[in-house]
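Here is a short briefing on one structure.

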Amino acid sequence: MDAATPILSVENVSKEFDVSAPWLNRVLEGKPKMFVRAVDEVSFSVPRGSCFSIVGESGCGKSTVARLVTGLYSCSAGDIHFGEGQGGRPVRVQMIFQDPHSSLNPRWRVGNIIAEPIREMKLRTGEAQIRARVEELLATVGLAADDADKFPHEFSGGQRQRVSIARALASEPELLVCDEPTSALDVSVQAQILNLMRRLQDELGLTYLFISHNLSVVRHMSDTIAVMYLGRIVEMAPAETLFNAPQHPYSRLLLGTIPDIHAPKRERELQSGEPPSPLNPPAGCTFNPRCPLANDRCRRDLPNLFAVGETSVRCHAVEEGRAQEMPSAG
Amino acid sequence: MTPAAASQRTGTDTMAARSAAPALEVSNLTVEFRTRRGTLTAIDDVSMRIAPGEILGVVGESGAGKSITGLAVLGLLEVPGRIAAGEIHVNGRRIDTLTEEQLTKVRGREMGAIFQDPLTALNPIFSIGAQLIETIRLHTDLSKEEARQRAIKLLREVGIPAPEERLDQYPHQFSGGMRQRVVIALALAAEPALIIADEPTTALDVSIQAQITALLRRLCDDHQTGIMLVTHDMGVIAETADRVAVMYSGRVVETGRVEDVIHDAQHPYTKGLMAAIPSLHERVDKLAQIDGSMPRLNARPPGCAFNARCPAAGPRCHRDKPVLVPAGRGEAACFLHDGGTE
Ligand SMILES: Nc1ncnc2c1ncn2[C@@H]1O[C@H](COP(=O)(O)OP(=O)(O)OP(=O)(O)O)[C@@H](O)[C@H]1O
Ligand SMILES: Nc1ncnc2c1ncn2[C@@H]1O[C@H](COP(=O)(O)OP(=O)(O)O)[C@@H](O)[C@H]1O
Ligand code: SF4
Ligand code: SF4
Ligand SMILES: [Mg+2]
Ligand SMILES: [Mg+2]
């Protein structure tokens, strides 16, 4: 295993969805075919054992990236490469979803749910060995051996998320793609699951592709963070750098608007606009209708990714050195 | 204000003096669900008060009883839920004893509601103008044209650009954030004394969430409306509410001013909750966590419902139920503040 080669590299990946009206309506109403570019030329790589996070508002393409990486969707353009897994075999990827309720089969006992990938992939032979492995996995995620005989509805939300993590671990993956894994959980339970995920990362050397709209959770988990807006990465930086010195006007807006219990912003009414429709994105930089720094160039040309120290940022103002003028959001 | 005076209000003289009566006063409210497997007590002896122009945040885990409290106040509990004990006064008037017909009048005129999903509050087949005008005319004596002017004024007030044109559009032509603004305009239509807002920003994106909470704050100040802001997000409470009531397993376990509860929590559950929120300012190796989860309604232990998760629990906590007593600058329901846990 070469520690330097990334476990995951995503290169210029795009995904288009056909969202046209049915053929007959199109012909009758004379409407063209319509596509939505859910992911637009996204590139990033994830070093082994690290946590790479994607943040952004609803519909910006986070889950689509997750599904492309896990192979649930195929890329419209670009490539996804994986490094080597244990013993030189291909990297195994598993996914953890937001809602552990709908991702677990309600009619199966938890022991069977966790054993399925073990049987399927023939990772253990004989029922006794499989049962022993299931109990080991339950212990790993902080559940009891006899929980194997219960059904998903007998567990709380947090415990069900532990079950989905145990099932994901059953196939001995190196990369876990986690799409909003704690968004359905209460704060006190969220802390349990985040602590568990961090512990597993240390103990098993896991790599995470972590998706969340909750910036404080992302800060807690990540080494590197990518901010997406309307299908594109607009800023990518080490977690600390992004939080301490956000560059892109959209990142600054996001960081400036998250509610903060330690520094509440009570006297401010923001007029920060809303994301445009992905069906009909604005020309130039897609953030320009909401951006206090937008000028004619922004309304005409799409900015390229530009490096500022360890940060990559897609913004004309940053590149032209006029981003300091932005009225502070925080 | 007497009911007669309220019915004469035209809605245009918005700042007309509100009486000194609290916008909401809930005393010893108990809500039960009678099911085949026995009676479940969802709300157990809850009291709270909201002054005119005050925002009370109600926070707690899912299932703690936040929404049921709001629905009970609105008179919208569905069978088998029912108010088993207690009293509810809105703007000085007792409402839990009213008939459904009387209640329908009070709701809308004295109480507005904002829920998580704005689509459920809007009728897809009518323009938003039609819905606003109908609501305004139902509760005031305004003519159709006056009501239209008031609808435009309301939309402008909640931050909808070009309201004259948007009036004739339908809910699906609005974004999620804009729809929630329309719902807020509807809730305000009759200048109610009290608004119940149940997770009004949970379905919205962060940048839009901040716009909506700031809007609620401003409207509450301008109109002296009392707002009950139900949410599981302590950050939203910190930025919006004046006081907060923390609910756990059907009871209020702590109440106080927002800054006090955040920086100087008195109840062990609130303390744990505050410590479990990941910080935006520093990264720690391990978050403080409260082990276990909130007991289900049919599995509440005797004594304090938090006893199985509480690091400070003593024998008394397994025997008796703590009630709210003065603690710090607020109140907490915990024996640590009431004679000890032995
Ligand atoms: N199967 C699909 N068919 C058509 N359009 C889709 C499909 N999946 C996603 N999209 C569109 O692609 C865009 C990105 O969606 P995606 O689910 O990746 O967003 P997201 O960032 O995960 O949002 P959220 O935070 O709401 O989960 C959206 O405009 C969405 O409507
Ligand atoms: N129709 C019902 N029948 C039985 N129990 C119910 C019903 N509706 C709600 N409950 C219970 O009442 C409690 C409080 O619910 P709710 O007020 O919705 O919680 P939240 O704090 O999440 O808003 C929960 O334990 C819930 O399961
Ligand atoms: S490119 Fe222009 S519009 Fe886009 S974020 Fe930068 S300054 Fe704003
Ligand atoms: S009453 Fe006892 S169990 Fe309940 S919170 Fe206080 S110390 Fe803990
Ligand atoms: Mg998603
Ligand atoms: Mg609720």
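This is a predicted model: local features need pLDDT of at least 70, side-chain atom pairs count only at pLDDT 80 or more; totals for chains, interfaces and linings use all residues.

**Backbone contacts to ligand 2**

- B:Ile68 has a polar backbone atom 2.7 Å from an oxygen atom of ligand 2.
- B:Lys66 places a backbone N or O atom 2.8 Å from an oxygen atom of the ligand.
- For B:Ala64, a backbone N or O atom lies 3.2 Å from an oxygen atom of ligand 2.
- On its own, ligand 2 has 560 Å² of accessible area, and the protein covers 67% of that.

**Helix α2(B)**

- Helix α2 of chain B spans residues 66-74.
- This helix lies across β1 (24-35), β2 and β4 of chain B.
- The helix runs at about 105 degrees to β1(B).

**The sheet in chain B**

- Four strands form an open sheet in the order β2-β1-β4-β5 (chain B), and the pairing is antiparallel.
- Its edge strands are β2 (38-50) and β5 (93-94) of chain B, each of which pairs on one side only.
- Strand β4 (residues 81-90) of chain B pairs with β5(B) in the antiparallel sense, over two bridges.
- In β5(B), B:Arg93 stands opposite B:Val90.

Methods:
Residues are numbered from 1 along each chain as its sequence is written. Chains are lettered from A and ligands numbered from 1 in the order in which they are written. Side-chain values use heavy atoms; hydrogens and water are left out. Two strands pair if DSSP finds at least two bridges between them. Contact means heavy atoms within 4.5 Å. Axes are lines fitted to C-alpha atoms, for helices over the stretch in contact, and angles run from 0 to 180 degrees between N-to-C directions. A polar contact is a pair of N or O atoms within 3.5 Å; within protein, one must be able to donate a hydrogen and the other to accept it, and residues adjacent in sequence count only if both atoms are side-chain atoms. Accessible areas come from the Shrake-Rupley method with a 1.4 Å probe; for residues, only the protein chains shown count as cover.
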